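Biologist: I am new to this one. Could you show me the model, so that we can go through it together?

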Amino acid sequence: MIRSSKLLLNPFLGLHSSPVKSILIFLFIVIAYVITAKIGFIFAAYPGNVTAVWIPSGIALSIILIKGNTAWLGIWLGSFLVNEWYYLESASSLYLSHSLVSFFIATGSTLQAIVGALLINKFTSTAYPFDRAADVFKFGCIEMIFCTIAASFGVTCLLLNKFINIESYRHIWFTWWIGDLIGILTVTPVVLVVREKLRTLQDKRVISLIDLIFFSSVILVCLTIFGSQSSISLNHFPVCFLLFPFITLAAFYRGHIGVVITVITVTCCSIYATISGYGPFVLAEVSNSLLLVQAFVGTITITGLTLAASLLERKKIELKLKRSEEIYRSIVQHAPVKIIICDNEGKIVFINHELFGISVADHLDQNICKHVDPAFQQIVQHSINKVFRTEKAVELEFKAKDSINAAAMSYYYARIGPVKFNGITNSAVLFIVDITKRKYAEEMLMTAQAELEHRVVERTRKFMIANESLKNEIIERKKIEETLQRNQHRLKEAEFIAHVGSWEWDIQRNIVTWSDTLFEMFGYKPQSLQITFDKVMESVVPEDVNRVRDAFKKMLQLKIPGMTNGLALEFCINVQDVGKRYLRSECRVFVNSDKAVLRIIGAIQDITDQKHAEEERQLINARVLQSQKLASVGQLATGIAHEINNPISYILTNLNTICKYIKTIKPAIESRVAIEQESVLSADVKNVKTDNVYLNVTDLRKLFKELAEAVEESKEGALLICSIVQNLKEFSHAGSAQLISCDVNKEIEVALKICQNTLKYRAIITKFYGKLPKIYCYSQRLRQVFVNLLMNAVQAFEDGKRGSIIITTQSTEDKGILISIKDSGKGIPKEQIQRLFEPFFTTKSVGKGTGLGLYVVYNIIKQHNGTIEVRSAVGKGTEFIIILPRRSLKEMQVSSVSNESLPK
C-alpha cells in the first residue's frame, strides 16, 4: 500500500499518468479537505479548532487507501491551509506560532492517515476491509489506535504554544480523538463501499419502491427520535436503539451500500437535531452532546458493517457449497461405472445409470439382489452386511441376467464401501463394472492356452526332426567355410603381391569394410579401428579431398537399377612414418528398384612406384595440376556457412531483444522486491517506476509475452540450424520423420514465424489462405520447404530495398492443394531456370549459397508425390507453385520417396 520513498518525494507522479489530471486530483483533495474542515469547525468546541465532527479524517484515510501515499501532500496542504485560515479569522493576522501549530497539526493528520492505511493493509491484507466480519472488527480496533496520532500531535502542540491549559488537555484530546474516530467510521466506509460498488458493478438493480419505503421509514424514525423535545426522545437514550432493526434490515437487504446509506441518514439527522437542541443526546454543552451522537453513530456503523460482512461471507460459503454439490453430482452422473447406494437390507436408494437392462426409476426401492443370479444373491447380501459390520470396503464378482435378453448372462465386478454420516455407517455405496467381455476373454485365453500347449508338443517333435537335418547341414557348411577360408587366404596373398586392397560400403547401415591389405596400405594395423568415409578423407592430401568428394557425389547420382557404372580415380594419401602414397581406386554402385543406393564395392591399388617413375617426366604438368587442385579447396565449405547464418542471425537478434527487456524490467523487479520487504506495497498499486519509465501490469505482461516469443523463436531458429545440417543428409536418403495429419496453412504460419526477424525488415507479407483439408505429410520437412523458399525470396531483393512476398493457398478438385509463393525480386534468367533444382547449382555469388536449398525442396516435394513449378522473369520477380495431392496415410507410406544421404 505505502509506496517507495521516491514516490513520497514526488507526490504528483503517482496519482495519474497525465500531469494535468494529477494536478487536478491534487487540487480536488485540497479543496475537499478544506471544505469539509470548515463544516467541522461549525461544531467546534474550545479552543475553537477542536470538534467532535471531523469529516476530513475519513477523507484523508480514504484517499490514502485508494491512491496510496502519493496523495500525502494534498492532505497535508489542506490541513495546513484550514488551520491558517482559522487563525487568520480568529486573530486577524498570522504569527509564527500560528504557522508552527498549523504545521504540526497538518503533519499529525497526514501521518495518522498514512499509519492507519499501513495498519489496515497489514492486519487485514486489503485496502477494502469490509468483506469479512473479522476485518471490520480489526478496522474498528485499528481506528481506535491510530486516531490517537493526530489528537496527540495537535493537542500537545496547542498546549506547548499556550493556546490551552493543562486542565482542559484531557477533555480536548478526547474530543479531538472521538471526532477523528467517528469521522473515519462514517466517511471512510462510505467512500470505499461506493468505490467498490462502482468498480465491480455486480449489483445492477435500480432504486425500487421497496428502497424508497425503507429509507423513508428510516427518515421517519429519525425524525421521531431526534425531531422533538417530547418525552419519547428527550433524555431517553435507549430509544435511539430503535434504529438497530433498520441497520440490520439494510445489511440483509442491500449489504454494505444499504448500511452506509442508512448510517449517513442517521448521522445527518442526529447531528442536525442535536445541534438544534432536539433528541436524546442533548446536554448542556453542544460539544458534549456531539460526543454522545458520534459514539452512537460509530456503534451502529461498526454493527451494520460487521453484519453485512458476515452475510456476505455466508453467501460466498453457500455459493461454494452449491458449486461443490453441482460438481459432485456431475461426477456421479457422468462416471463410467455404475454407482449404487443402498441400505443395510440391500434396498436401492440411489443409482446413477441403467443396470441389468432396467431403467434408473425401476431400480429405486428395489433390492439389488432381485436381479442377481440366485447362486450369487447370498454372497452379495453377505458382502453388504459385512460392510455395515466391519465398516471396511469389500470386493466381489457376481453374475446377473439381462431383463431384455433373459438368456444372456453378464459378469460384474463390485466394490462395496461404507457411507458414514456423523461417524455412523447408514448406507453402503457400490461401484459396479461390467466385466463380461473380460470373463469371455479369459475363457478364450484358457482355450487358446490349451491349444497352444498342444501345438508346442507338435512343434517340439518337428523340431527334433529338423535338428537332425540341421546337424547334417552344419557339417556341410563347415566344409564350405573351410574352402572359403582357403580361397580368402589365396585372395589376401594375391592382393598383397599385386598391392591391391578391396573395400565395401553398406550405405543403408553406413558400414565400411576393408581388407587387411587396405589397412596396411593406409598405415593402420589390420582391423584396428572403425573405418568411415570421413576417416578416409583424413588421410587424403588436402589438394585431392574435394576431387574425391565430388567424384563420389557424381557416382551417387547414378540411378539405374542393378549394378551401375562406378568410377576410376587416382588420388594421393599421407601415411604416417612413410609419407605420400599414390592410389588408384575403381568401384561399382548397386541400387534397388526405387533408385536408392544400397552399397558400393571397389578395389584400391598402390601405384606409388609407377608415379615415382613418371614424376621426373611429368613434373611441370603435376605442378599445374596441383595449383588447380588448390584453387578448388574449400569451395563447398564457404557456401554452407550462409545457409546456417540465416537462423543464427535472428537467434542473435532475439537474444539482444531478451537482454534489452531484462535490463528494462530488472530495476522494476528489484524495486518491487525492496517494497515487499518493507511491507508497504498496496494491492491497488498498478505502476512501478524504472529508469523514469512506468511499467504497469499490462506492460509487464506484454514484456514477458514478447520474451517468451523471442525465446520460442530462438528455439525454432536452433531447430532450423539442425534442419539445415539435415539438408546434407537428405541429399542421398530420407530422414526418420513420421507421416502425420497437418494443416498446410498452419505450417506456412510456423515458417513465417521462424523467418520473422528477417522478413519484417526486408519484405511485406501478403497472405491469401484458402480453406484447405488436412493432408498426411512430413510436417518438419514441409516446413523446411516454406522456410527455404521464403529465405530465397528475401535474398532475391535488391540490397537496401524492401520487397513484397505474396502467399496463396487453395484447394483444387483434381490436383489437390496448391501453394504459391511469389516475390518481387530480381528474377531468374530463362536459361538458369532449368538448372535450379540441380544439386550444388546456385545463382548466388561464391560464399552466399551451397546450391542444396532448392535441391532439398525438390526432393521433399517429390517425396510427398507433389510437383513444383517455377515462373520467373528478370526484373519481374519469381513465383514457385507447389501442388500436393490428397492421399490417405497408407498411400503416402507406400508411395513416399526417400531422400538420399551424402557420404559421411
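Biologist: Which residues in H6 meet H5 in this predicted model?

Modeller: Contact means heavy atoms within 4.5 Å. Helices (H or I, at least four residues) and strands (E, at least two) are DSSP runs, numbered from the N terminus. From H5 come Gln-112, Val-115, Gly-116, Leu-119, Ile-120, Phe-123 and Thr-124. Their partners in H6 are Asp-135, Lys-138, Phe-139, Ile-142 and Phe-146.

Biologist: By class, what residues has the contact of H5 with H6?

Modeller: Ala, Val, Leu, Ile, Met, Phe, Trp, Tyr, Cys and Pro count as nonpolar, Asp, Glu, Lys and Arg as charged, and the others, Gly among them, as polar. By that scheme the contact has seven nonpolar, three polar and two charged residues.

Biologist: In what order do the five strands of the open sheet lie?

Modeller: Two strands pair if DSSP finds at least two bridges between them. The pairing here is antiparallel. S4 (348–351) and S5 (394–401) are the edge strands, each pairing on one side only. The order is S4-S3-S7-S6-S5.

Biologist: Which residue in S4 stands opposite Ile-340?

Modeller: S3 (residues 338–342) pairs with S4 in the antiparallel sense over three bridges. Ile-341 stands opposite Phe-350. Opposite Ile-340 is Ile-351.

Biologist: Which residue in the hairpin of S3 and S4 takes a positive phi?

Modeller: Five residues lie between the two strands. The one with a phi near 90 degrees is Gly-346.

Biologist: What is the mean pLDDT of the chain?

Modeller: pLDDT is the predictor's confidence in each residue, from 0 to 100. Residues are numbered from 1 along each chain as its sequence is written. Local features need pLDDT of at least 70, side-chain atom pairs count only at pLDDT 80 or more, totals for chains, interfaces and linings use all residues, and side-chain values use heavy atoms, with hydrogens and water left out. Here 80% of residues reach 70 or more, and the mean is 76.
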